[in-house]
Amino acid sequence: MKRASKAFLFMLSRSSISFTHKMKLKSANSKAVYHHSSCGPVFGNGKRGCYDLQVNGAGKVTLCLGQTYESDPSGRFSSAYNHTIKEMEVYQVITGTSNTQSKNPVPQKQKVVEVNSFSKDINDAINGRWASLQEAEDELEHLEKSFKDERTFIKFFAKGQPQDVVTLNVCGTTMLTRLSTLHLCKESALSSKFSSEYEKHQSNRKAIKEWNYEDVVAWLNKLDGIPDSVVKEFEDNQVTGRELLALGAEGLKDFGVARKGTIYLLLDEIKKLQMSDNDTETLIEHSPYCFEKILDHLRLETWFTMGLVKTKHGLPVVRASEKTRYDKVLRHLFPGESSKIFLSA
């Protein structure tokens, strides 16, 4: 038996106890804890060998509170009764460190010393829990490293200009990627489709929604059959591109467009503008399934060359029913030597 003046038992809330409760020693000179290899941890030393808490070797715990330690608030655990241990948590008490130590010491793993002070069942349970905690710590370190890698990955995708991202319409399926991915193999037909002229056109292109009123007036002046009075009305009200696209028949009437012919003419031209504004997708007339396999392979190759992934991936896995079509699409987009990145992992 050992004395420990600051020892205490702690009870969490349960159905009969609405709050947590700390049970201190009744006397600072009481024998607080008992260690023996024949059983688990024992707390207290009451009459006729009745302990406040005793962990047995068969996954049981005997409670008889109120002997050496204070009683629980409900009084339900004042009589010796066996309970089954459903879950055990193991903690290690670390002594305080000097204030002279660095505020940010380099964390070091502590060597886990196996417990052998109790019965074999209790020792195995505690050591098993320590092993689980070590595995959890290793997993946490792995996750921290993964988060750092993911941050680098996100920085890669967050940088650059909006025109670096290309929207593809692959037979009705929308896909987005970077120009750098499409230019990975510059000798390919796919890369040629997105030449420097294409990039220049895209970068110089101004979206209709970004037009100011001067752009709208310039556009109206280019249209045949639009009276000067209508153009002036738009100019006086400084109608922007976003507002122009939102106009309907009633809106045009509010701007003084009275003739039905002029209204329908403007509605038709506005509709064409809306279609051209949405025409930022590049059409790819190939199987979406096959092209997506090719695009995913190009992405992974790009990330590997940039060091974003450490392991070089294998070749695309294509289902048997699409293999013939996939080979045709691949040969069309990557003829000759340009297909070498698809021939070896």
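Trainee: Where is the place of Glu269?

Mentor: Glu269 sits in helix α9, residues 260–278. Helices are DSSP runs of H or I with at least four residues, strands are runs of E with at least two, and both are numbered from the N terminus. This is a predicted model, in which local features need pLDDT of at least 70 and side-chain atom pairs count only at pLDDT 80 or more, while totals for chains, interfaces and linings use all residues. Residues are numbered from 1 along each chain as its sequence is written, and side-chain values use heavy atoms, with hydrogens and water left out.

Trainee: Why does Glu269 count as buried?

Mentor: Buried means under 20% relative accessible area, exposed over 50%, and partly exposed in between, with a 1.4 Å probe and protein chains only. Glu269 has 18% relative accessibility, so Glu269 is buried. Leaving aside neighbours within four places in sequence, Glu269 is in contact (heavy atoms within 4.5 Å) with Trp219 and Leu223.

Trainee: What makes Cys185 count as buried?

Mentor: The relative accessibility of Cys185 is 7%, and therefore Cys185 is buried. Cys185 lies in the loop between α2 (179–182) and α3 (189–193). Apart from neighbours within four places in sequence, Cys185 has contacts with Ser191, Phe334 and Ser338.

Trainee: Why is α10 called oblique to α11?

Mentor: The axes of α10 (residues 288–305) and α11 come within 9 Å and cross at roughly 55°. Axes are lines fitted to C-alpha atoms, for helices over the stretch in contact, and angles run from 0 to 180 degrees between N-to-C directions. Angles under 35 degrees count as roughly parallel, over 145 as roughly antiparallel, 65 to 115 as roughly perpendicular, and the rest as oblique. The angle therefore makes α10 oblique to α11. On the α10 side, the contact is made by Cys290, Phe291, Lys293 and Ile294; on the α11 side, by Arg325, Tyr326, Val329, Leu330 and Leu333.

Trainee: How many bridges join β9 to β10?

Mentor: Strands pair if DSSP finds at least two bridges between them. Six bridges join β9 (residues 165–170) to β10 (residues 173–178), and these strands run antiparallel. Val165 has Arg178 in β10 as its bridge partner. The hairpin has two residues between the strands, and Cys171 there takes a positive phi near 50°.

Trainee: Which element of the protein chain has the lowest mean pLDDT, and which the highest?

Mentor: The lowest mean, 54, belongs to helix α4 (residues 196–204), and the highest, 94, to helix α11 (residues 323–333). pLDDT is the predictor's confidence in each residue, from 0 to 100.
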